[in-house]
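Please keep the structure open while reading.

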Amino acid sequence: MPPLNADRAVLIAAREVLLRDPHATMAAVAEEAGMGVAGLYRRYANKQALLRAVAADNYRRFIAFAEAALSDTDDPWHAFTGFLSQVLDDGLPRLTLALRGEVELDQGLRDLDRLAVDTTNRLLRGARGSGILRPDVTRADITVLLEQIARLDVGDDVRSAALRRRYLVLVCDGLRAEAASRRLPGPPPHEGELIGRWTGEVSSA
């Protein structure tokens, strides 16, 4: 395996540090990345710039998983549930929760958010079209479910990951059309509420 370039190493280090402590300093990230603080500041002018880079990487990883699932046209349900498992195992919802209220959204992040929404909706349409996914489940519902499962932490990384997979299976069984004995009460979250998971602000849009 080729060595990581410095920028990739910084993003990986930042993910690990910020998952432990969203308020961690640039010095803590630099130490995790095995570089000096000055070297980190040469790449990112301030912590906010680093946070935006980490958030953008989170979005891109999410979109890549969704696009890979879309290529599995033989079994839309397997593609959909496999996508959910990948997203959860990669820690993407956990990082979103960790960065809540810390990141100042710029246009680049808003564009990535729209792309993530569009890609996930395409995946959901395929799962609904197969007749297996219950018809009243939305992308916003999936986002909230993943974030709730991601919160599960019993203080042991391996055990926590196993428990998250257990509850994802339970949730996925409840998402199947044959489990829909009645429609879900109330509307799903709207986009303004979901974008607030990054900023800590809730829009009425």
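The points below go through the cavity lining, then the charged pairs.

The model is predicted. It holds 2 cavities of 30 Å³ or more. It also holds 11 salt bridges.

**Second largest cavity**

- The second largest cavity has a volume of about 30 Å³.
- Its lining consists of Leu84, Ile142, Leu145, Leu146, Ile149, Leu168, Val171 and Leu175.
- Two elements, α8 (139–150) and α9 (157–175), each give two or more residues to this lining.
- Helix α8 gives the most, with 4 residues.
- By class, the lining has 8 nonpolar residues, no polar residues and no charged residues.

- Arg20 and Glu32 meet through their side chains in a salt bridge, at 3.2 Å from N to O.
- This pair links distant parts of the chain: Arg20 sits in helix α1 (residues 6–20) and Glu32 in helix α2 (residues 26–33), 12 residues apart.
- Arg20 counts as exposed because its relative accessibility is 58%, and the cut-off for exposed is over 50%.
- Glu32 has 40% relative accessibility, so it counts as partly exposed.
- Asp89 forms a salt bridge with Arg165, and the closest N and O atoms are 3.2 Å apart.
- This pair, too, links distant parts of the chain, with Asp89 in helix α5 (residues 76–89) and Arg165 in helix α9, 76 residues apart.
- Asp89 is partly exposed, with a relative accessible area of 43%.
- Arg165 counts as partly exposed at 41% relative accessibility.

- Asp111 pairs with Arg114 in a salt bridge, where the closest N and O atoms are 2.3 Å apart.
- Both residues lie in helix α7 (residues 107–129). They are 3 residues apart, about one turn of the helix.
- Asp111 has 38% relative accessibility and therefore counts as partly exposed.
- Arg114 is partly exposed as well, with a relative accessible area of 48%.

**Salt-bridge network**

- Which residues are linked in a network of salt bridges? They are Arg15, Arg61 and Asp90.

Conventions: Residues are numbered from 1 along each chain as its sequence is written. This is a predicted model: local features need pLDDT of at least 70, side-chain atom pairs count only at pLDDT 80 or more; totals for chains, interfaces and linings use all residues. Side-chain values use heavy atoms; hydrogens and water are left out. On a 1 Å grid over the protein atoms alone, a cavity is a set of points where a 1.4 Å probe fits but cannot get out, and a pocket is an open set with protein on both sides within 12 Å along at least five of seven lines; lining residues have an atom within 4 Å of a point. Grid points are joined across faces, edges and corners, and a volume is the space filled by probe spheres set on the points. Ala, Val, Leu, Ile, Met, Phe, Trp, Tyr, Cys and Pro count as nonpolar, Asp, Glu, Lys and Arg as charged, and the others, Gly among them, as polar. A salt bridge is a side-chain nitrogen of Lys or Arg within 4 Å of a carboxyl oxygen of Asp or Glu. Buried means under 20% relative accessible area, exposed over 50%, partly exposed in between (1.4 Å probe, protein chains only).
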